[in-house]
Amino acid sequence: MTEGWLGRKGDSYTDFVLDAARDERVFATFRREPVYRSIVETLSAEQGAEFLSAIDDPLVRRLCLASAAADRVGGPTTFPFEGVALSPTTLRYGKVLCDLQRFFPKYPRMRRIVEIGVGYGGLARLVWEHHLLEKTKLETYVGIDLAPVAMLAGRYMDLCTSSHNVTFLASEDTAVEDWDLVISNYAFSELDRTLQESYLARVLENASAGYLTMNTGLWSGTAFGHPCFTVEELLERLPNAVLAPDRPESATSNYILAFGDHALGAGTPLEEIRARSRQLIAEREARRAERRSLRGLFRRVAAGIVAVFAI
């Protein structure tokens with residue numbers, strides 16, 4: 001079912017999402033189930049707090065903190081943020097929305113936005129609700145994903161907000177159209193090279209601007225056991241493509257690739273992005289070594305106590 005995307009892990013995820021879209025009992029708590037949290041709801045309370053701190057637009061911040069009802073849909077694990085029970089994923093989407101406004105000066109006048117990989121529809125909801133309050137020019141928001149994911153996101157959206165202007169489509173049902181902006185939070189980067197090429201030709205190269213959060217291609221042209229585009233290839237392929245750090249940092253090799261009509265100038269040099277990734281990897285390995293050392297110390301102390309009582 002999900003050939004070209006995450007292998008068996010992708011298959012189990014898609015099967016679960018189909019159950020959630022069809023079965024009310026599964027839908028009620030789908031956002032807290034392990035198979036779903038391994039793909040979408042991956043953030044901790046601490047990371048959620050970092051994303052909230054990064055939301056510097058007052059309206060976006062207000063929208064996020066008014067999302068308690070939406071964050072009861074699907075029963076995600078929530079944490080208190082300024083006294084409101086929210087999923088950290090909602091706050092990440094809020095940070096993305098702030099990036100879109102900061103990176104793209106024409107964002108308030110964009111009429112057609114497409115998102116590759118929609119999760120449960122959380123970013124689409126925030127973007128649309130922001131449009132309603134800010135009175136932007138947005139007319140159409142289309143989310144593209146696997147058919148079961150599109151079905152699930154549509155169900156979430158129907159329960160959270162009313163709009164016929166936001167639609168979710170199966171990738172095979174998507175026509176080649178022109179877009180003002182294409183967004184992807186990891187989904188494009190996790191596809192194999194063949195599917196990436198398809199999205200490049202059908203979607204990205206027909207967009208005036210793009211915002212891609214990436215977690216592959218930084219170090220090699222292989223990810224999740226399949227070939228993928230490298231960052232160098234994408235920088236060459238996409239017009240006016242530049243890089244930016246993905247902050248707050250939620251993983252060691254994440255970065256943002258923006259292209260088209262943006263306000264980032266030359267962006268952040270690739271070697272600077274890689275240097276920070278190396279530092280994060282080294283810090284992670286140091287923490288792992290420290291935990292191993294503590295576990296070893298605990299085992300030695302425990303063995304000593306047992307030996308004393310055995311005398």
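How many aromatic pairs does the structure hold? The structure, a predicted model in which local features need pLDDT of at least 70, side-chain atom pairs count only at pLDDT 80 or more, and totals for chains, interfaces and linings use all residues, holds eight aromatic pairs. Residues are numbered from 1 along each chain as its sequence is written, and side-chain values use heavy atoms, with hydrogens and water left out.

Rings of Phe, Tyr and Trp (its six-membered ring) pair if their centres lie within 6.5 Å; planes under 30 degrees apart count as stacked, over 60 as edge-to-face and the rest as tilted. The ring centres of Tyr120 and Tyr156 are 5.0 Å apart and the planes stand at 75°, so this pair is edge-to-face. Because Tyr120 is in the loop between β3 (112-116) and α7 while Tyr156 is in helix α8, the pair ties together parts that are 36 residues apart in sequence. Helices (H or I, at least four residues) and strands (E, at least two) are DSSP runs, numbered from the N terminus.

Helices α7 (residues 122-134) and α8 (residues 147-160) pack at an angle of about 35°, and their axes are 9 Å apart. Axes are lines fitted to C-alpha atoms, for helices over the stretch in contact, and angles run from 0 to 180 degrees between N-to-C directions. On the α7 side the contact (heavy atoms within 4.5 Å) is made by Gly122, Ala124, Arg125, Trp128 and Glu129, and on the α8 side by Tyr156, Met157 and Cys160. Five of these residues are nonpolar, one is polar and two are charged; Ala, Val, Leu, Ile, Met, Phe, Trp, Tyr, Cys and Pro count as nonpolar, Asp, Glu, Lys and Arg as charged, and the others, Gly among them, as polar.

Asn206 lies in the loop between α10 (193-202) and β7 (209-214). Asn206 and Asp178 are separated by 28 residues in sequence, yet their C-alpha atoms are 5.0 Å apart in space. Apart from neighbours within four places in sequence, Asn206 is in contact with Val176, Glu177, Asp178, Trp179 and Ala201.

Most residues other than glycine have a negative phi, and most peptide bonds are trans. Glu82, in the loop between β1 (79-81) and β2 (84-86), is not a glycine but has a positive phi of about 50°. The peptide bond from Arg247 to Pro248 is cis, with omega near -5°, and Pro248 is placed in the loop between β10 (242-245) and β11 (255-260).
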